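Please read them with the structure open.

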Amino acid sequence: MERKQILGVLLLLAFTAAVIGADALWGTRDALQEGENGYEELLSNTPVAELEGESVSPDGRFEARTVGKTDNYVSGVVPPESIQFVNRETGEVLWEEQGWVTQSVLWSPDSRYLALTYGARTWQAVKFIETDTWTSWDFTLPDGSPIPEYTFLPADQPWGTWIGKDVPEEDYDLLLTVGRGGDEGEQHTYRCSLLMDGGQLAGNTLEQTTEVLSEAYDFDHDGEPEVTELVTLWAPDGDGEQVSWYELHVRKADGTPLWSDWAAPQHVGWNSIFACTLDGEDNLLRYHPTMYQGCCGYNYQLFSLDGSGGESVLQQNGVAFDINWGSPLGHDFDPAAIASFMEDINGLLSHSRLLLTTDDALEGIDPAHPRDDLWWLTGNDVCLSADETGYAYDETCSLEENLQRFDAVMTELARQ
């Protein structure tokens, strides 16, 4: 009785705070006038905080539920005693934790993962659970910190969306929105990637920003323009943030995903995508002018999209060569073949607009009037200077003639 009497002394303060609109804290009670019975009556008339979201997993195997009720009055509700995830067939409790003022569940489409958001009056957190091992990972911001106090997930829109699963062995990621916008704080979107590490669930968080490109294109030729989005994934570094990778998404007007591709600043992720309009029809042009230690493979694919987002190749071409004169491994440099390919790709680029590039070979390209001028030929970034080689690009000559002159100069230098 002594503990209950001590706790009961706080009831009037909690009751008064509720009347004037202030939230009660965990365990705040008041029975200065009404005593223990008054607090019990308050609890009996206060609803238990509900479990929101998806109670049953998509495959029907698991169920999320709340159990019991505490004797705590918080923000107009009574938190449940616990949150449980159970096997629906056997009733076995597979995972359990205490209940909170708010709790909501979002299952991945394959039922392998679930995201549980929970919180109290001044804070909110997110926990991810893997349903094979029932191990969990607590969400953190990219810098490793928790969601700041008084920052909450959206209440008037979905707080999370599972994405991915293009191939069976690929896991889903969760796009998590933190913040409610407007006067309630800036909104941020985070890409949460999950993986199993030594039998324990682990995760990685990157901030994601999305830009809707202003031009309207009809890549699937159905008469209805699609929405094209440039998504950027950011990672923190010592000086702020740096780009991890980019994604280009094409969606139907109703938001249905149609097609996507990606590019990264790292060499292995170099990629360039253009919108190419020929004869009044919009197409996509993927161009790879790649060079590894002087070995070059330039190729492109011009394609449209079918109704399901498949690529229908309309035209493609490529050329391979190297600029390693004197290499003991051999050498292949055909000015006519290189010039023919460059005329082909630049003819397509003249009808194109740049959507995305991370390729160093196209650094500084004009997005509205793209053209590839072979930086290694015209800029002398790889070759020796004109004073040292006797070669300089001649604007009065054709590209093939310049390539022939360049080949002759470099061949002579390799013999010396």
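**Notes on the predicted model**

1. The protein chain has a mean pLDDT of 87, with 87% of its residues at 70 or more; pLDDT is the predictor's confidence in each residue, from 0 to 100. Residues 1-34 have pLDDT below 50, and this stretch makes 57 contacts in the model beyond near neighbours in sequence, a contact being heavy atoms within 4.5 Å. Residues 380-386 are also below 50, with 13 such contacts. Where pLDDT is low, the predicted coordinates should not be read in detail.

2. On conventions: residues are numbered from 1 along each chain as its sequence is written, and side-chain values use heavy atoms, with hydrogens and water left out. As this is a predicted model, local features need pLDDT of at least 70 and side-chain atom pairs count only at pLDDT 80 or more, while totals for chains, interfaces and linings use all residues.

3. Five strands form an open sheet in the order 19-18-17-16-20, with antiparallel pairing. Strands are DSSP runs of E (at least two residues) and helices runs of H or I (at least four), numbered from the N terminus; two strands pair if DSSP finds at least two bridges between them. Strand 19 (311-322) and strand 20 (352-357) are the edges, each with a single partner strand, so one side of each has no neighbour in the sheet. On average, neighbouring strands are turned by 20 degrees against each other, direction ignored.

4. Helix 4 (residues 335-349) packs on this sheet, touching strands 16, 17, 18, 19 and 20, and its direction makes about 145 degrees with that of strand 19. Axes are lines fitted to C-alpha atoms, for helices over the stretch in contact, and angles run from 0 to 180 degrees between N-to-C directions. Strand 17 (residues 281-292) and strand 18 (residues 295-305) pair over nine antiparallel bridges; Gln301 in strand 18 is the bridge partner of Arg286.

5. There are 27 aromatic pairs, counted for rings of Phe, Tyr and Trp (its six-membered ring) with centres within 6.5 Å; planes under 30 degrees apart are stacked, over 60 edge-to-face and the rest tilted. Phe128 and Trp162 have ring centres 6.3 Å apart and planes at 85 degrees, so the pair is edge-to-face. Phe128 is in strand 7 (residues 124-130) and Trp162 in strand 9 (residues 160-164), so the pair ties together parts 34 residues apart in sequence. Phe128 is buried at 0% relative accessibility; buried means under 20% relative accessible area, exposed over 50% and partly exposed in between (1.4 Å probe, protein chains only).
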